[in-house]
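Here are some exercises to work through with the sequence and the model side by side. Try each task yourself before you read its solution.

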Amino acid sequence: MPHPTPHPCPRCPRISNPIPGTGPAPAPILLMGDYPGYWDIRKRQHFSGDVGRELAELYLTRIAKIDPAITYLTNALKCATPDPDPKSATFFPQINHCTQTHLERELLAVNPEIVVSMGPVACSQIWGITNLELQHGIPVKMTYGKWQG
């Protein structure tokens, strides 16, 4: 299956060049954060800069003993949200537009066995979880559109 490069968002007036995920497709493990940070946007790569280095060198390699080369890295949102406040009335509509455009397509292309969602945006979109304290660290078997994991 081809690499899941995002296409321009017909639902989003802010961006016409979303940031694609990186890593092998298919991949056994997909790591999903919330949305791109400053360096991610500048480098056009999710988990770049200090966050990506810490994720790969510390959490994946040393703690989880997972080879970063077998993981696919992405974010629930493919571009920076102009309103990162979850209490804002525009926050969740922006997120829903972005994930409806890209997320199912990306999951089908990568076809991971394991999805690790990191953060409230990723968890709310992929698992439908709004209270992270109740689900933290609990594995869940799920489907998202046509994808099953």
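**Exercise 1. Leaving aside neighbours within four places in sequence, find the residues that C98 is in contact with.**

*Solution.* Step 1: get your bearings. Residues are numbered from 1 along each chain as its sequence is written, the model is predicted, so local features need pLDDT of at least 70 and side-chain atom pairs pLDDT 80 or more, while totals for chains, interfaces and linings use all residues. Side-chain values use heavy atoms, without hydrogens and water.

Step 1: locate the residue. C98 sits in helix α3, residues 91–110; helices here are DSSP runs of H or I with at least four residues, strands are runs of E with at least two, and both are numbered from the N terminus.

Step 2: check the cover. C98 has a relative accessibility of 7%, so C98 counts as buried. The scale is: buried under 20% relative accessible area, exposed over 50%, partly exposed in between, with a 1.4 Å probe and protein chains only.

Step 3: take one distance. The C-alpha atoms of C98 and C79 are 8.5 Å apart, and the two residues are 19 apart along the chain.

**Exercise 2. Which way do the residues of β1 point, and which strands does β1 pair with?**

*Solution.* Step 1: sort the side chains. In a regular strand the side chains alternate between the two faces of the sheet. In β1, I29, L31 and G33 point one way, and L30 and M32 point the other way.

Step 1: check the cover. β1 covers residues 29–33, and five of its five residues are buried.

Step 2: find the pairing strands. Two strands pair if DSSP finds at least two bridges between them. Five bridges join β1 to β2, residues 71–75, and the two run parallel. Four bridges join β1 to β3, residues 114–117, also running parallel.

Step 3: name some bridge partners. In β3, the partner of M32 is S117.

Step 4: look at β2 itself. T71, L73 and N75 lie on one side and Y72 and T74 on the other, and all are buried.

**Exercise 3. Describe the aromatic pair that a search of the whole structure finds.**

*Solution.* Step 1: know what to report. A pair of aromatic rings is described by the distance of the centres and the angle of the planes. Rings of Phe, Tyr and Trp (its six-membered ring) pair if their centres lie within 6.5 Å; planes under 30 degrees apart are stacked, over 60 edge-to-face, and the rest tilted.

Step 1: identify the rings. The search finds one aromatic pair. Y38 and W39 form this edge-to-face pair, with 5.1 Å centre to centre and 80 degrees between the planes.

Step 2: check the cover. Y38 counts as exposed because its relative accessibility is 54%, and W39 counts as partly exposed because its value is 46%.

**Exercise 4. How many helices and strands does the protein have, and in which pattern?**

*Solution.* Step 1: count. There are five helices and five strands.

Step 1: read along the sequence. The pattern is β-α-α-β-α-β-α-α-β-β.

Step 2: Of the 149 residues in the protein, 41% are buried.

Technical notes. Contact = heavy atoms within 4.5 Å.
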